[in-house]
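Visitor: I would like to learn how to read a structure. Please walk me through one, feature by feature.

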Amino acid sequence: MSLRACRSCKILTEGDSCPICRGKDLSEDYTGLLIVLDPESELAKKLGVDRRGRYALKVR
Ligand SMILES: [Zn+2]
């Protein structure tokens, strides 16, 4: 199953809806992959990410 990215949260998911906002506005058209292991890190804060997961860098 392919990963899709939420257009608002940018998190990648294999499911039908976003695990964060529960939205179904998912896109298969994204670039970049960011794995956040530490939501407290500077990078995570900069990206507005507050939970672990795989994120797209850019979602179209
Ligand atoms: Zn979302």
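**Reading the fold**

Guide: The protein chain holds 1 helix and 7 strands. Helices (H or I, at least four residues) and strands (E, at least two) are DSSP runs, numbered from the N terminus. This is a predicted model, where local features need pLDDT of at least 70 and side-chain atom pairs count only at pLDDT 80 or more, while totals for chains, interfaces and linings use all residues. Residues are numbered from 1 along each chain as its sequence is written, and side-chain values use heavy atoms, leaving out hydrogens and water.

Visitor: In what order do the elements of the protein chain run from the N terminus?

Guide: The order is β-β-β-β-β-α-β-β.

Visitor: How do I judge the overall form?

Guide: Start with the radius of gyration, taken over C-alpha atoms; the globule rule is 2.2 Å times the number of residues to the power 0.38. For 60 residues, a compact globule would come near 10 Å, and the protein chain has 11 Å, which agrees. Along the principal axes, the C-alpha atoms fill a box of roughly 30 × 20 × 20 Å.

Visitor: What share of the 60 residues counts as buried?

Guide: Buried means under 20% relative accessible area, exposed over 50%, and partly exposed in between (1.4 Å probe, protein chains only). Here 27% of the 60 residues count as buried.

Visitor: Which residues make up the largest nonpolar core?

Guide: A nonpolar core is a set of buried Ala, Val, Leu, Ile, Met, Phe, Trp, Tyr and Cys residues joined through side-chain atoms within 4.5 Å. The largest one has 9 residues: Cys 6, Ile 11, Cys 18, Leu 26, Leu 34, Val 36, Ala 44, Val 49 and Tyr 55. Another core, of 5 residues, lies apart from it; Leu 3, Ala 5, Leu 12 and Ala 56 are among its members.

Visitor: Where is the place of Ile 11?

Guide: Ile 11 sits in the loop between β1 (4–6) and β2 (12–13). Ile 11 is buried, because its relative accessible area is 3%.

Visitor: How do I read phi?

Guide: Most residues other than glycine have a negative phi. Lys 10 has a positive phi, near 70 degrees. Lys 10 lies in the loop between β1 and β2. With a relative accessible area of 34%, Lys 10 is partly exposed.

Visitor: What is the phi of Arg 22?

Guide: Arg 22 is not a glycine, yet its phi is positive, about 65 degrees. Its place is in the loop between β2 and β3 (26–27). Arg 22 is exposed, because its relative accessible area is 61%.

Visitor: How many positive and negative side chains does the protein chain have?

Guide: Lys and Arg count as positive and Asp and Glu as negative; His and the chain ends are not counted. The protein chain has 12 positive and 9 negative side chains.

Notes:
Charge placed at Lys NZ, Arg CZ, Asp CG, Glu CD.
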